[in-house]
Amino acid sequence: MPRWPGLVGTVLSVLGLGVAGYLTYEHFTSSSTLACSDNGVVNCLKVTTSSYSEVAGVPVAVLGLVFFAVMLVLQLPPMWRRPDPVIRWGRLAWAVVGLGTVLYLLFAELFEIDAICLWCTAVHVLTLVLFGTTVFATSSYPAPVAVDA
């Protein structure tokens, strides 16, 4: 197994944790700074305070933190070298969950909220690239083989 999937996945997951962490901080401090426009099509405040910013009372930003924390563990280089199919398919399934969530939230931004959040877009791009690299690496390289000691 080459090293690049674990390295790329780890970096993307850490970046995702950073952005999701920032959005979580902004949510819980009721800050309106967000370092983003608050009028026009690009309106982070409108997006992050919309009815779509929570799912069952849980802030989407917190769900993003959970997604990237789990993905970070699954993307660590030693996890890519493990022969356990549960990890291999779990990582792929978790990436699909992330992509599905991004598609739902992007639909909400474009067609329901009528505004785009640049911070959310950063999370969407990181998730999409993470999905792409995970699918590519999983389909391009065979699962590692367990070595008997």
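At what angle do the axes of helix 3 and helix 5 cross, and within what distance do they come? In this predicted model, the axes of helix 3 (residues 60-75) and helix 5 (residues 85-113) cross at roughly 155° and come within 10 Å. The protein has 6 helices and 2 strands, arranged along the sequence as α-α-β-β-α-α-α-α. Its C-alpha trace spans about 60 × 30 × 25 Å along the principal axes.

**Helix 3 and helix 5**

- Angles over 145 degrees count as roughly antiparallel, and helix 3 and helix 5 are therefore roughly antiparallel to each other.
- The crossing of helix 3 past helix 5 is left-handed.
- On the helix 3 side, the contact is made by V60, V66, F67, V70, M71, L74 and Q75.
- Their partners in helix 5 are I87, G90, R91, W94, A95, G98 and L105.
- Sorted by class, this contact between helix 3 and helix 5 holds 10 nonpolar, 3 polar and 1 charged residues.

**Helix 1 and helix 6**

- Helix 1 (4-28) and helix 6 (118-140) pack at an angle of about 160°, and their axes are 10 Å apart.
- With that angle, helix 1 and helix 6 are therefore roughly antiparallel to each other.
- Helix 1 passes helix 6 with a left-handed crossing.
- Helix 1 contributes W4, P5, V8, G9, L12, S13, L15, G16, V19, A20, Y22 and L23 to the contact.
- Helix 6 meets them with W119, C120, A122, V123, L126, V129, L130, T133, F136 and A137.
- The class count for the contact of helix 1 with helix 6 is 18 nonpolar and 4 polar residues, with no charged residues.

**Largest pocket**

- At least two lining residues come from each of helix 1, helix 2 (44-48), helix 3, helix 5 and helix 6.
- Helix 5 gives the most to the lining of the largest pocket, supplying 10 residues.
- By class, the lining of the largest pocket comprises 22 nonpolar, 12 polar and 2 charged residues.

Definitions and conventions
Residues numbered from 1 in each chain as written. Predicted model: local features only at pLDDT ≥ 70, side-chain atom pairs only at ≥ 80, totals over all residues. Heavy atoms only, no water. Axes fitted to C-alpha atoms, helices over the stretch in contact; angles between N-to-C directions. Helix = DSSP H or I, 4+ residues; strand = E, 2+ residues; numbered from the N terminus. Parallel < 35°, antiparallel > 145°, perpendicular 65-115°, else oblique. Left-handed = near helix turned anticlockwise from the far one by under 90°. Contact = heavy atoms within 4.5 Å. Nonpolar A, V, L, I, M, F, W, Y, C, P; charged D, E, K, R; others polar.
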